[in-house]
Amino acid sequence: MHHMTLTELAKGLKAGDFSSRELTTSLLDRIERLDGDINSFITVTRNQALSAADAADQARAKGDSRPLAGLPLAIKDIFCTQGIRTSCGSKMLDNFQAPYNATVVEKLEAAGMISLGKTNMDEFAMGSSNESSFYGPVKNPWDRTAVPGGSSGGSAAAIAAGFAPAALGTDTGGSIRQPAAFCGITGLKPTYGRVSRYGMIAFASSLDQGGPMARSAEDCAHLLGAIAGHDLRDSTSVARVVPDYLAELDAPLDGLKIGLPKEYFGNGLDTEVESAIREAIRVYESLGAKVCEVSLPHTHLAVPAYYVIAPAEASSNLSRYDGVRFGHRCENPADLEDLYKRTRAEGFGDEVKRRILIGTHTLSEGFFDAYYRKAQQVRRLIRQDFLDAFDEVDVLMGPAAPTTAFDLGAKKDPVSMYLQDIYTIAINLAGIPGISVPAGFAGKRPIGLQILGQHFAESQLLNVAHQFQQATDWHRRHPTDQETT
Amino acid sequence: MAIEHADVLRAAHLARLGLNSDAEAAGYVDDLTRILEMVDRLQAVDTDGVAPLSHPLDATQRLRPDEVTETNQREAFQACAPETADGLYLVPRVVE
């Protein structure tokens, strides 16, 4: 049962093959036995999970038939969970017990889902390898010498390792899709505004978006349906009807027009990754899709624009960590300025400080127009590339990352780490949805196919991903127990 | 645009971020120099007449009636504060 999908587990619960308590206990025991080395969880909430499982079993006995009731998942430690440590991977929030729940946490609880705990992540979601966490790096369950990707590395690794059938992640520049690719799972970044950001600790507010990570597109459809929707508490969430994401899963792909952005198949793309992606495209052709090349001419500007906009927003968002209202506070401050400066020097890690400094510098007097305004103008050009491409094709496809998971400790230079996100970052700047699905391996390390759609085209993306998963079994592979022990 | 040691010290002060040593500041000068070199590719693009994009859907802030909707939860919210007294947050003396 450790590698079953949510859909299969729901059937098992319904048929009485196992109870929610048995399922939950089995996963908690597995985490306890095997996560010491993988390090995918920061906090495991055993007692709360078992009580919730008992409640789900009792409700089921009384006829509760909600599709997700009694099913466990893991929650990235960026989402506020009332009374439970919400660290965001930072020493700054190591002692922070959120006084309220994020909207998505409330929604999943209302759907009857059971949280197993909070997953490891890059500090404040700033990273692509999960190595910037205060709680130590996460190892890739497929190959423990490799990173799991980031920033939702703990969520991706927990699913791959058989600890949780699904997890919540967040994606500011690729933080759902890249770890999903590196860990051989399915991860969806929804359209900006589709899922409430209330209670999701802010990194870059115009880019951040929460979304599902799971073992299949079908499971992601179930989860997205549960978490999407307008929220009065998030003024950037979009008031738009949430469709039934399951309704179109089985639609045939005859005549689907797939665009391959030529910029996503250029220099720097690993040859084994490229051949797996080309093979996946051939599968789509066999399903009736038509494929053509398109161009996103401003692609090379996405990482530069992002590294102005995201740090600028971060430097503003992270000014709230001042040692006064919550979180870490330095000992014996001499005065108020000392309180601020030492609290922040002690509480933040190196990558977070780097981004606060870039963001503060680029927003400061004399630099704003040259950096921030310029980056926002380029952002519009990048978005326009996608809008133009979607005049020609239905979806875009390419690799989620230029290589498979790299070795732990391999990327010491920040710029080389930033360039890891070359195929994912533009999607956040444009606000469109994207999904990564397993599409093969290079050696032991998984490869992810990225599929991109128009704003609010999640139903189509899930349909296109699901049809691939009906024709292939990459998403059903998992590391053998020898590799995870 | 190059970044100088003084720029990093200025940004650190503006961000109220303590730097422990000159060596730490120098490390950030190196890092930020490389990052801003990468960012400087933006300067080569002609963006005349392009409106800045601050929200990917070009949405604007929604307004609501000015009505009280939240209840007072001061105790709950201050439970996670480092130091409070009588419902107030305590900080080092600011006014002598």
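**View 1. A:Pro72 stands opposite A:Ile114 in β3(A).** The model is predicted; local features need pLDDT of at least 70, side-chain atom pairs count only at pLDDT 80 or more, and totals for chains, interfaces and linings use all residues. Residues are numbered from 1 along each chain as its sequence is written, while chains are lettered from A and ligands numbered from 1 in the order in which they are written. Strand β2 (residues 72-76) of chain A and strand β3 (residues 114-119) of chain A pair in the parallel sense, over four bridges. Between them, the chain passes through helix α4 (residues 103-110) of chain A, and this β-α-β crossover is right-handed (clockwise from the first strand over the helix to the second, with the strands pointing away from the viewer). Helices (H or I, at least four residues) and strands (E, at least two) are DSSP runs, numbered from the N terminus.

**View 2. β2(A) also pairs with strand β4 (residues 166-171) of chain A.** Two bridges join these strands, which run parallel. Two strands pair if DSSP finds at least two bridges between them. A:Ala74 stands opposite A:Ala167 in β4(A).

**View 3. β2(A) is covered on both faces.** A:Pro72, A:Ala74 and A:Lys76 lie on one side. A:Leu73 and A:Ile75 lie on the other. In a regular strand, side chains alternate between the two faces of the sheet. Five of the five residues of β2(A) are buried, so the strand is largely enclosed by the rest of the structure. A residue is buried if 20 or more other C-beta atoms lie within 10 Å of its own, exposed if 12 or fewer, and partly exposed in between; C-beta atoms are placed from the backbone.

**View 4. Eleven strands of chain A form an open sheet.** The order is β1-β3-β2-β4-β6-β5-β10-β11-β9-β7-β8, and the pairing is mixed. At the edges are β1 (41-44) and β8 (290-294) of chain A, each pairing on one side only. Neighbouring strands of this sheet are turned by 30 degrees against each other on average, direction ignored. Helix α2 (residues 20-38) of chain A lies across β1, β2 and β3 of chain A. The helix runs at about 20 degrees to β3(A). Axes are lines fitted to C-alpha atoms, for helices over the stretch in contact, and angles run from 0 to 180 degrees between N-to-C directions.

**View 5. Helix α7 (residues 217-227) of chain A packs on helix α15 (residues 458-471) of chain A.** The angle is about 155 degrees, and the axes are 8 Å apart. α7(A) and α15(A) are therefore roughly antiparallel to each other (over 145 degrees; under 35 is roughly parallel, 65 to 115 roughly perpendicular and the rest oblique). From α7(A) come A:Ala217, A:Glu218, A:Cys220, A:Ala221 and A:Leu224. They meet A:Glu458, A:Leu462, A:Ala465, A:His466 and A:Gln469 in α15(A). By class, this contact has six nonpolar, two polar and two charged residues. Ala, Val, Leu, Ile, Met, Phe, Trp, Tyr, Cys and Pro count as nonpolar, Asp, Glu, Lys and Arg as charged, and the others, Gly among them, as polar.

**View 6. A cis peptide bond joins A:Gly150 and A:Ser151.** Omega is about 10 degrees. A:Ser151 is found in the loop between β3 and α5 (153-160) of chain A. A:Phe124 has its place in the loop between β3 and α5 of chain A. Phi of A:Phe124 is near 50 degrees, a positive value in a residue other than glycine. A:Phe124 counts as buried, with 32 C-beta neighbours inside 10 Å.

**View 7. B:Asp58 has a positive phi of about 55 degrees, although it is not a glycine.** B:Asp58 is found in the loop between α2 (22-39) and α3 (74-78) of chain B. With 11 C-beta neighbours inside 10 Å, B:Asp58 counts as exposed.

**View 8. A:Met1 is in the segment before α1 (6-15) of chain A.** With 15 C-beta neighbours inside 10 Å, A:Met1 counts as partly exposed. Leaving aside its neighbours within four places in sequence, A:Met1 is in contact with A:Leu9, A:Phe18, A:Leu23 and A:Ser26. Two residues are in contact if their C-beta atoms, placed from the backbone, lie within 7 Å.

**View 9. The contact between chains takes 55 residues from chain A and 44 residues from chain B.** On the side of chain A that touches chain B, α9 (302-317), α10 (336-347), α11 (350-363), α12 (368-392) and α13 (414-418) of chain A each supply at least two residues. The largest share, twelve residues, comes from α12(A). This side of chain A divides into 27 nonpolar, 14 polar and 14 charged residues.
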